[in-house]
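User: I would like to go through the assignments in this model and hear the grounds for each of them. Please set each value against its criterion.

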Amino acid sequence: MDESDLGGDYTRMPQRAAVHDDVTVSCPALEKLGGDAATGTILAFPRKVKASFTYAGGSNSELAEELYSDTAAKLSKGIGEIFDAMVSCPTYQVVSGNTVVTVGTQVTPAPDLGNEQWSQLLTYSIGGQRSVVKQTAIRIGNVLVLVSGAPGLADANLEKALDKAEAAL
């Protein structure tokens with residue numbers, strides 16, 4: 001997706017460097033996969049693209065789209081392991097340096113799209129602040145589309161992301 005798919009007042013955010021060397025996780029299934037699983041950077045499929053957007057008109061308005069390409073079996077296994085690990089602990093803590101983030105997870109119904117679907121709500125709590133992020137992953141053949149952001153935004157833009165990914169196949 002790009003800004004024109006989202007409408008006015010959305011801007012693309014620069015990608016942040018992913019450095020997670022000092023991350024510890026209080027969820028055994030995630031710890032087994034490594035600290036990057038808890039931060040969402042473990043998807044190491046050969047081809048990937050990530051775009052993040054924010055809305056100028058308000059808070060809690062970030063949206064991210066990630067595209068991955070590999071064999072259907074590898075995509076299914078990889079994303080399935082991560083989603084299963086994340087929801088295996090309904091609540092866990094992620095510690096990076098002196099920062100402690102409490103994460104709550106909940107499986108949510110995924111729309112019946114593509115070949116396979118996964119969806120979850122993540123509630124992040126840090127320093128008295130709370131935010132909710134919805135992650136939905138849809139596999140279409142050898143492509144995995146992952147949309148995450150505020151629940152309403154993620155739901156409203158999922159099909160746009162899938163349509164663009166399918167058109168590019």
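**Grounds for the assignments**

Analyst: Leaving aside residues up to four places away in sequence, Ser76 touches Glu116, Trp118 and Arg139. The model is a predicted one, and Ser76 lies in helix H4.

User: Why is Ser76 called buried?

Analyst: The relative accessible area of Ser76 is 18%. Buried means under 20%, so Ser76 counts as buried.

User: What makes the pair Arg139 and Glu116 a salt bridge?

Analyst: The closest N and O atoms of Arg139 and Glu116 are 2.8 Å apart. The criterion is a side-chain nitrogen of Lys or Arg within 4 Å of a carboxyl oxygen of Asp or Glu, and therefore the pair qualifies as a salt bridge. The pair links distant parts of the chain, with Arg139 in strand S8 (residues 129–140) and Glu116 in strand S7 (residues 116–126), 23 residues apart.

User: How do you know which class of accessibility applies to Arg139 and which to Glu116?

Analyst: Arg139 has 10% relative accessibility and is therefore buried, the limit being under 20%. Glu116 has a relative accessible area of 25%.

User: What makes Lys134 and Asp155 a salt bridge, and which parts does the pair tie together?

Analyst: The closest N and O atoms of Lys134 and Asp155 are 2.8 Å apart, and the cut-off is within 4 Å. Because Lys134 lies in strand S8 and Asp155 in helix H5, the pair ties together parts that are 21 residues apart in sequence. Lys134 is buried, at a relative accessible area of 11%, whereas Asp155, at 43% relative accessibility, is partly exposed.

User: How many salt bridges does a search of the whole structure find?

Analyst: The search finds three salt bridges. One of them joins the side chains of Glu81 and Lys77, at 2.8 Å from N to O. Both residues belong to helix H4 (residues 72–88) and lie four residues apart, about one turn of the helix. An α-helix has 3.6 residues a turn, so residues three or four places apart point the same way.

User: Why is Lys77 called exposed, and why is Glu81 called partly exposed?

Analyst: Exposed means over 50%; Lys77 has a relative accessible area of 54% and therefore counts as exposed. Glu81 has 36% relative accessibility. That value falls between the 20% and 50% limits, so Glu81 is partly exposed.

User: What is the span of helix H5 set against?

Analyst: Helix H5 (residues 151–168) has 18 residues and reaches 26 Å from its first C-alpha to its last. This is close to the 26 Å expected at 1.5 Å a residue.

User: Where does H5 bend, and which of its residues are buried?

Analyst: H5 bends by about 40° at Asn157. Asn157 is also among the buried residues of H5, together with Leu153, Ala154, Leu158, Ala161, Leu162 and Ala165.

User: What describes the chain as a whole?

Analyst: The chain has five helices and nine strands, in the sequence pattern α-β-β-α-α-β-β-α-β-β-β-β-β-α. Of its 169 residues, 40% count as buried. Among contacts between residues at least 6 apart in sequence, 53% join residues at least 24 apart. The chain exposes about 8900 Å², of which carbon and sulfur atoms supply 51%.

Terms used:
Residues are numbered from 1 along each chain as its sequence is written. This is a predicted model: local features need pLDDT of at least 70, side-chain atom pairs count only at pLDDT 80 or more; totals for chains, interfaces and linings use all residues. Side-chain values use heavy atoms; hydrogens and water are left out. Helices (H or I, at least four residues) and strands (E, at least two) are DSSP runs, numbered from the N terminus. The expected span of a helix is 1.5 Å times one less than its number of residues. The bend at a residue is the angle between axes fitted to the seven residues ending there and the seven starting there. Buried means under 20% relative accessible area, exposed over 50%, partly exposed in between (1.4 Å probe, protein chains only). Contact means heavy atoms within 4.5 Å. Accessible areas come from the Shrake-Rupley method with a 1.4 Å probe; for residues, only the protein chains shown count as cover.
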